[in-house]
Amino acid sequence: MNLISRRVGIPVVLLFAGVFLVNQLFPVDRSPTSVGPKRVNYESEVPPPGVCPQPLVAPPEPVASVDPNAKKFNWRTDLRKFHSQDVHTGPVGDMKWLVKNMLGLPDLVFNDWNLGIYSCGSRGSECGIPKVGTLGTLEPKQDLWNLCPAPHSIRRKFFEEMKDTFREVDAFFCSMVPANCELFLPFNKPIIMMLPVPLEFGRESPERFWELVNNVIKMSQDPRVLFAANNLYHQMYVKYFTGLDIPLIPSYCGYAESERGYNPTRPEILLGGNYHVYGTQESFIDPLNVLLNGTGMSIASLKGLYKHYTWDDVTQHKAIVNIPYCNSVMSYFEYYRVNMPMLFPSKKFIVEMESWVRPRVYWRFTPDPAEKFLDVPGPNEMYNPASIAHWLQFSDWYQWPHIIYFDSLEDLADKIKTTDFKAVSDKMKEYNKQVHAETLQTWTSQFDRLFKDTPPGGYPIPDDFDTAMLERWGVVVPPDLPQCTMYAFASGGAPGYSGQAQLYDRRFWNVSYG
């Protein structure tokens, strides 16, 4: 027995000694928190409100097994469906026309759940979001801008309700409200986010602003996302607050076509739509008509002449005068595409009459900008002449050629009397040919990039919201809801708003949801 014990005991002792040595050299954490999926400590790992989190690099997506004999995805032949749910018909109408006409995809299905707030049914837009699911229950309509009263809960419910419907969608388009691209993040599809309005539109509180900034930084790093602005002002606006250099892709608005072409036969010079005291009958139209007396011409409001105008109506007139109410307006793109000569106040004149014509500002007290822009006056300082002068230079009408500027009412009358508007229209027509070629090249290149690695049949949608957000974006969406107080309203044009508009503004001032 002693011999057997020694023969068995020595190897056992050596075995335990080896295990002990391995554990000392390569310790293993066997605490409960080290086993299974990592649990997020929201207090320490989720940035507090008002703190801009640093961009995270999302983990690489798992490589799906692809049949080597499968046909490679070609967007020119394989794109089937786009989806959008904007509150303005202009940007989505432009995108729809571009895809179907300029890019040559007439059979593409473009779901356009227009929310029916601005110009529903115009510009080829459909009317009304289907009254189903979470979004269909939000009232008033403006709650669709900010996803209140429960943003994170609404995003989760929207994902669960729409993940089967969106399996056949190839890409999403969002423009107004651009921040509502957050709804589409978990669906694992290409996204086009186009800014015609300030980035934070619908997210006007510090907590939600920084959450959005964190998301758009991640989106800008994803090859399946196009985050761009349709105008220079909002391109510079994004750079000011985030430091990001996003592409500038101006709207083309090819749907704005006049069959008769520019062929003026009517005596009125048009005054475009505006929201200012300066553009009223008493302050603008009557004094200008006195100056035009005896010329055979007069000025008249576009909306006063035509309740629902067509482009053939517009091109019956020699020119249109615009008193801008914000730095970029879709109608101005449209007027240019039908070769309609446009007259705008000069920079000098706008600054002089800033008490009448201020940029539309939604949130006057936006957070601080990116550090390198701390010395630049903010774009939302609507009572600061230095701010107005600085940001005014980025407005659309100061970028385009063949625009006519005036320094006063008297100067405007002189320009109307002496300008050869037919020659101006001809120059605009030639420039539009150049813009068409550049726009086609830009969008072709962007589609090549967006859909370059699309698998046959499109990208799959994950089954779980939180997994989808973490795997592609590296984002943990906290279960608790961000506060839903909006510290903003459309304040541009004050004090020139009508009583109805002022009531509308107060609806958005510091509105808090319980």
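This is a predicted model: local features need pLDDT of at least 70, side-chain atom pairs count only at pLDDT 80 or more; totals for chains, interfaces and linings use all residues.
1. The protein chain has 514 residues, of which 52% are buried, and its secondary structure consists of 19 helices and 12 strands. The accessible surface comes to about 24,300 Å², with 56% of that area belonging to carbon and sulfur atoms. Among contacts between residues at least 6 apart in sequence, 73% join residues at least 24 apart.

2. Helix α13, residues 330-337, is mostly covered, since eight of its eight residues are buried. The buried residues are M330, S331, Y332, F333, E334, Y335, Y336 and R337, so that the list includes E334 and R337. The cover over α13 includes the helices α4 (89-102), α11 (302-305), α12 (311-314) and α17 (421-450), together with the strands β8 (320-321) and β9 (342-345). After α13 comes N339, which has a positive phi, near 60°.

3. Two packed helices are described by the angle between their axes and the distance between the axes. For α10 (residues 281-291) and α16 (residues 409-418), the axes come within 10 Å and cross at roughly 55°; the two helices are therefore oblique to each other. The crossing in which α10 passes α16 is right-handed.

4. On the α10 side of this contact stand S283, F284, P287, L288 and L291, which meet L409, E410, L412, A413, I416 and K417 of α16. Sorted by class, the contact of α10 with α16 holds eight nonpolar residues, one polar residue and two charged residues.

How values were computed
Residues are numbered from 1 along each chain as its sequence is written. Side-chain values use heavy atoms; hydrogens and water are left out. Axes are lines fitted to C-alpha atoms, for helices over the stretch in contact, and angles run from 0 to 180 degrees between N-to-C directions. Helices (H or I, at least four residues) and strands (E, at least two) are DSSP runs, numbered from the N terminus. Angles under 35 degrees count as roughly parallel, over 145 as roughly antiparallel, 65 to 115 as roughly perpendicular and the rest as oblique. A crossing is left-handed if the near helix is turned anticlockwise from the far one by less than a right angle, and right-handed if clockwise. Contact means heavy atoms within 4.5 Å. Ala, Val, Leu, Ile, Met, Phe, Trp, Tyr, Cys and Pro count as nonpolar, Asp, Glu, Lys and Arg as charged, and the others, Gly among them, as polar. Buried means under 20% relative accessible area, exposed over 50%, partly exposed in between (1.4 Å probe, protein chains only). Accessible areas come from the Shrake-Rupley method with a 1.4 Å probe; for residues, only the protein chains shown count as cover.
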